[in-house]
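Visitor: I've got a model here and would like to walk through it with you. Could you take my questions one by one?

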Amino acid sequence: MAGHRRSRPTPLRSAGIVLTWVIVLSSLLPLLWLLSTSLKTASDAFASPPLFIFTPTFENFTAVLGGGDFLAAYKNSIIVVIATTALSLLFGITAGYTLARTTGKVTRTMGTWIILVRMAPAMGFALPFFLMFRFFGLLDSYLALVLVYMTITLPFVTWIMSGYFRSIPVELEEAARMDGCTRVQALFRVIVPSSWPGIATCAIFSFIMSWNEFFYPLVLAGRNTSTAPVALQGFISSTGVNWGQLSAASILVVLPVLVFTIFTQKGLVRGLTAGAIK
């Protein structure tokens with residue numbers, strides 16, 4: 001039917017599409033190069049000119065996964081990141097709800113303080129955290145890493161969720177309370193189910209920020225709780241850099257973020273665009 005025919009793209013639109021593809025491919029190029037290096041032998045990885053057609057091998061992945069230390073660090077990262085994301089969402093949702101549903105000078109001050117904490121450099125908190133956790137005997141523990149990671153993710157989740165809760169009509173909550181719900185029940189039975197796009201956005205960014213954190217575990221973690229980003233530096237020694245195994249380990253570090261983002265992508269897009277729709 002004529003009404004369903006697609007309009008011909010204008011030159012400006014075609015140029016925009018080409019530019020978009022150039023930007024996307026340029027952004028993916030380092031990741032593709034990393035993946036190809038992880039699948040090459042040492043001689044292929046340093047061939048000049050670079051080899052774009054080669055026989056892939058998984059010997060680098062086998063060496064990394066067979067080492068033991070990296071797998072232990074990988075497990076530590078998963079434990080710490082899942083605990084950090086879950087606790088950040090729990091406390092961030094309740095704190096964001098409180099900021100959204102209360103007014104006054106104290107609320108505005110708390111909101112400003114939360115953002116200031118998020119903007120402070122991590123370097124400034126490293127020594128106080130180290131001394132405090134050493135005093136309480138928490139160095140090289142999961143609890144210390146989760147608490148420190150939450151200083152990064154919790155302000156972000158609180159601020160995002162407070163803005164999202166403000167966009168939800170108060171009448172929904174009032175109707176739930178008239179039906180007999182307490183305030184907490186109205187929050188978790190009515191408001192939270194209506195906020196999944198915002199929660200998905202917060203979960204993704206909390207997961208990514210926690211998973212990629214390098215500085216705090218470098219200072220506060222020890223042999224028992226070292227994380228995957230810190231373990232990557234183990235492939236760099238005074239004798240040189242094992243580029244093949246470093247690339248394979250880097251791919252393994254990137255993989256959970258990609259998988260998690262793919263599964264929650266729909267909620268992320270809806271969460272990021274929700275504030276633009278009135």
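Predicted model: local features only at pLDDT ≥ 70, side-chain atom pairs only at ≥ 80, totals over all residues.

Visitor: What radius of gyration does the protein have?
Guide: The value is taken over C-alpha atoms, and the globule rule is 2.2 Å times the number of residues to the power 0.38. For 278 residues a compact globule would come out near 19 Å, but the protein has 24 Å.

Visitor: How many helices and strands are there in the secondary structure?
Guide: Both are DSSP runs numbered from the N terminus: H or I of at least four residues for helices, E of at least two for strands. On that basis the protein has 14 helices and two strands.

Visitor: What percentage of the residues count as buried?
Guide: Buried means under 20% relative accessible area, exposed over 50%, and partly exposed in between, with a 1.4 Å probe and protein chains only. Among the 278 residues, the buried share is 36%.

Visitor: Is the pair of F58 and F61 stacked, edge-to-face or tilted?
Guide: Rings of Phe, Tyr and Trp (its six-membered ring) pair if their centres lie within 6.5 Å; planes under 30 degrees apart are stacked, over 60 edge-to-face, and the rest tilted. That rule gives 14 aromatic pairs. The F58 and F61 centres are 6.2 Å apart and their planes at 50 degrees, so this pair is tilted.

Visitor: And F58, is that residue buried or exposed?
Guide: F61 is buried at 13% relative accessibility. F58, at 57%, is exposed.

Visitor: Which helices hold F207 and F260?
Guide: These two rings are stacked, 4.4 Å centre to centre with 15 degrees between the planes. F207 is buried at 11% relative accessibility, while F260 is partly exposed at 24%. The pair ties together parts 53 residues apart in sequence, because F207 lies in helix α10 (residues 196–211) and F260 in helix α13 (residues 243–263).

Visitor: What separates the C-alpha atoms of A95 and T158?
Guide: A95 sits in helix α4 (residues 69–101) and is partly exposed, at 28% relative accessibility. T158 is 63 residues away along the chain, yet the C-alpha separation is 5.9 Å.

Visitor: Which residues is S195 in contact with, leaving aside its neighbours within four places in sequence?
Guide: S195 is in the loop between α9 and α10, and at 0% relative accessibility it counts as buried. P193 is found in that loop too, but is partly exposed at 38%. Contact means heavy atoms within 4.5 Å, and beyond those close neighbours P193 touches L187 and F188. For S195 the list is M161, Y164, F165 and I168.

Note on methods:
Residues numbered from 1 in each chain as written. Heavy atoms only, no water.
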